[in-house]
Amino acid sequence: MKVFEANLCSFDGVFEKFRAEAPQNKANLILFLADKDPATSRSWCPDCVRAEPVIYKKLESSPDDILLLRAYVGDRPTWRKPQHPWRVDPKFKLTGVPTLIRWENDAVKGRLEDHEAHLEHKIEALVADK
C-alpha cells in the first residue's frame, strides 16, 4: 500500500500526484480524516479514532496494489464551517469524517460515510468494488 498525505493547503498538489498514479493500482482510496489534537496527538473525532485502525488493518492485509490518500480536514472549528472546501466541492460533498472514498476513472466510485467507515465487511466491499 502506498500512502500520500495532504491537508487543506497541500491537497491540490498531492491530489494531482494521486490522480497521476491512480491508473496503476487495483484500488485508489481517499480517506478524509479529522486533524490530530496537538495536546493529545489523537484525532478530535471519535469516529475517526474508531475507524482508522480498522481501515488500515483491512488495507494492509489486502493483496492488491492500493493507493491511499489521507486528507486531513482541519481542526474542529475549521471542519464545522458550512463553507469548508470539501463540504462544497462537487466531487466530494463531504458531510462527515471519516469518509472513505473509492476513486476510479477520475470520479468517486463508492464511499463509506462516518457511521459505517469502521465496518470491516463494508471496507472489504469498497476495496473489492462489489
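L100 lies in strand β6, residues 99–104. Strands here are DSSP runs of E with at least two residues; helices are runs of H or I with at least four, and both are numbered from the N terminus. The model is predicted: local features need pLDDT of at least 70, side-chain atom pairs count only at pLDDT 80 or more, and totals for chains, interfaces and linings use all residues. Residues are numbered from 1 along each chain as its sequence is written, and side-chain values use heavy atoms, without hydrogens and water.

L100 has a relative accessible area of 0%, so it is buried. Buried means under 20% relative accessible area, exposed over 50%, and partly exposed in between, with a 1.4 Å probe and protein chains only. Beyond its neighbours within four places in sequence, L100 is in contact with L29, I30, L31, I55, L68, G110, R111, L112, I123 and L126. Contact means heavy atoms within 4.5 Å.

G74 sits in the loop between β5 and α3 (76–80). G74 also counts as buried, at 10% relative accessibility. Leaving out neighbours within four places in sequence, G74 touches A34, D35 and W44.

Each residue also has a C-alpha separation to a residue elsewhere in the sequence.

| Pair | Apart in sequence | C-alpha to C-alpha |
|---|---|---|
| L100 and R80 | 20 residues | 19 Å |
| G74 and E52 | 22 residues | 16 Å |

**The sheet**

An open sheet of 5 strands runs in the order β1-β5-β2-β6-β7, with mixed pairing. β1 (2–6) and β7 (107–112) are the edge strands; each has a single partner strand, so one side of each lacks a neighbour in the sheet. From one strand to the next, the twist averages 25 degrees. Two strands pair if DSSP finds at least two bridges between them. β2 (residues 27–33) and β5 (residues 66–72) pair in the parallel sense over 7 bridges. L33 has Y72 of β5 as its bridge partner.

**Helix packing**

Helix α2 (residues 46–61) packs on helix α5 (residues 120–128) at about 45 degrees, with axes 10 Å apart. α2 is therefore oblique to α5. Angles under 35 degrees count as roughly parallel, over 145 as roughly antiparallel, 65 to 115 as roughly perpendicular, and the rest as oblique. Axes are lines fitted to C-alpha atoms, for helices over the stretch in contact; angles run from 0 to 180 degrees between N-to-C directions.

Which residues make the contact? From α2 come V54, I55, K57, K58 and L59; from α5 come E120, I123, E124 and V127.
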